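Here is a short walk through one protein chain.

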Amino acid sequence: MIRRVALAAAAAGALIAGLVTVAAMPADAATGGTGTGYLHTSGNKILDSTGATVRLTGINWFGMETDNKTFHGLWASNPWRSQLDTMASLGYNTLRIPFSDDALKAGATATGINDYVNPDLVGLSPLQILDKVVDYSGSKGMRVILDRHRPTAAGQTALWYTAAVPETTWIANWKSLAQHYAGNTTVIGADLHNEPHAEGTNPAATGACWGCGVQERDWRLAAERAGNAILAVQPNWLIFVEGVSCPSGGLSNVWDGDTSNDEDCGWWGGNLSKAGEYPVRLNVANRLVYSPHEYATSVYHQTWFDDPTYPANMPAIWDKYWGYLYKQNIAPIMMGEFGTTLASDIDKVWLTELLKYTGTGVNGMSFTYWSWNPNSGDTGGIANDDWTTINTAKQAIISPYLIAPVAGGSTGGSTGGTTSPTVSTSVSTSPSTPTTTGACTVTYKQDNAWEGGFQGGLTVKNTGSGAVNPWSVTWTWPSGVTLGSGWNATVTQSGTSVTAAAPTYAASLAAGASVTVGFTANGTASAPATVKLNGATCA
């Protein structure tokens, strides 16, 4: 599992085709998205290449940092593109991708892939799979943040280096990734190292400190070295810097009975209280984004959850650890991880109040929720255990704060350094722009084909004046073509007729909205014919 444990404050006594409208989007979403070109900062804002304000409202999809060395859930019956389709349709405009240096090694092998559902990933390296996810995310209008989560797949570390993975390897790998994605504006930056934190008991601290001046432990200085090395080869990236847990880098002595000198600590990666006094200094201006982590009782029951004034006490705590950087216009905040199982009332209040604290609309603080994955032991996911349906309780709380991605070219640059718009790897077998007559329009894209089968996506747009609820899409296939699997709907087949019925969590298809029904099929690759939306023939 990925995770952090409780931090020192507790030890002191005091731690992923088309859109389906499944939840109401905020008003800003209509003009939102993730902007154009590379991003930069100004004060506490993130701006695009035109100067427009961008709010990153994203989600984490983990697995590349584990022994699988690629995204978890590729073993599920829901294909990888469909999972990204759902993330985008829900309103998540950014994908934060954790990885370990193990996944970047020559000869690294990706495991845990359902080759029946994801045949296009078979035999690819972890980096090649990442390239496909980056390119498809870009076609959805999403941005990607790369997160160096661990030196190895074995687990997280307090410091950014180990004996087996020295600082030189850490920096060299970051420079290699920056060069690999040069010119690809989907990939916007580097989260340098995940959750540096305290280790050892003071005064014998051995963990990550902030502003202590010890080169081997001062995370602020290390972030400068890595950030400037990255910017030397890719000056357009944002540099995301997390906090520590205890600025001293060590845990307080809870056995000496003296609490007067006990340090005020926070979550792993969540304490940026010293960043105002000791800021990260980068050689390229307007590239720094501070990225704290914040968690609920499902991760650790902090003392502040027991304050009799809870949750009224929480804004002051967030102000102290990282919020002041935003409120004082020092730098933008992009909360890289926050999450909860939502199992307790305390956590429901926490998630509601935390999002309220970030602010609404495009001017609010950016964030990437932890996580898409349902197999996060600490928090569970937005996806349920089937990796297809969603946790509607969590999504309902988060949804008002999401700025939906805008597909079709707000980001650009395909993997490999070109500056052409990012497009999906699918092949269109019909005009890319559907006609606009009738009650619905249809576009079909064949995503893949292999001996004896193929994979495709049928996008149907409701061009009527009202919502279709519940919606149902039907089509026909030639004799001999049989359904393998389907997603974004309940897909069944009778003879040569196929029916895709709306899922319960997205039963309504609003006027002007689209749905993409994905499928794999056996037989000769064939485009769906006589497509209808609730009995009305589509153009």
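What follows is a tour of the disulfides.

The model is predicted, so local features need pLDDT of at least 70 and side-chain atom pairs count only at pLDDT 80 or more, while totals for chains, interfaces and linings use all residues. Residues are numbered from 1 along each chain as its sequence is written, and side-chain values use heavy atoms, with hydrogens and water left out.

How many disulfides are there? A disulfide here is a pair of cysteine sulfur atoms within 2.5 Å. By this rule there are three. With bonded cysteines counted along the chain, their pattern is 1-2, 3-4, 5-6.

Start with Cys209 and Cys212. Their disulfide has an S to S distance of 1.8 Å. Cys209 is buried (under 20% relative accessible area, with exposed over 50% and partly exposed in between; 1.4 Å probe, protein chains only), at 0%. Cys212 is partly exposed, at 32%.

Next, Cys246 bonds to Cys265, S to S 2.2 Å. Both cysteines lie in the loop between strand E8 (238-241) and strand E9 (288-290), 19 residues apart. Strands (E) are DSSP runs of at least two residues, numbered from the N terminus. Cys246 is buried at 0%. Cys265 is buried at 0% too.

Last, Cys440 and Cys538 hold their sulfur atoms 2.0 Å apart. This pair links distant parts of the chain, 98 residues apart. Cys440 sits in strand E15 (residues 440-450), and Cys538 in the segment after strand E23 (536-537). At -100 degrees about the S-S bond, the link is left-handed. Cys440 is buried at 0%, and Cys538 is buried at 12%.

Terms used:
Helices (H or I, at least four residues) and strands (E, at least two) are DSSP runs, numbered from the N terminus.
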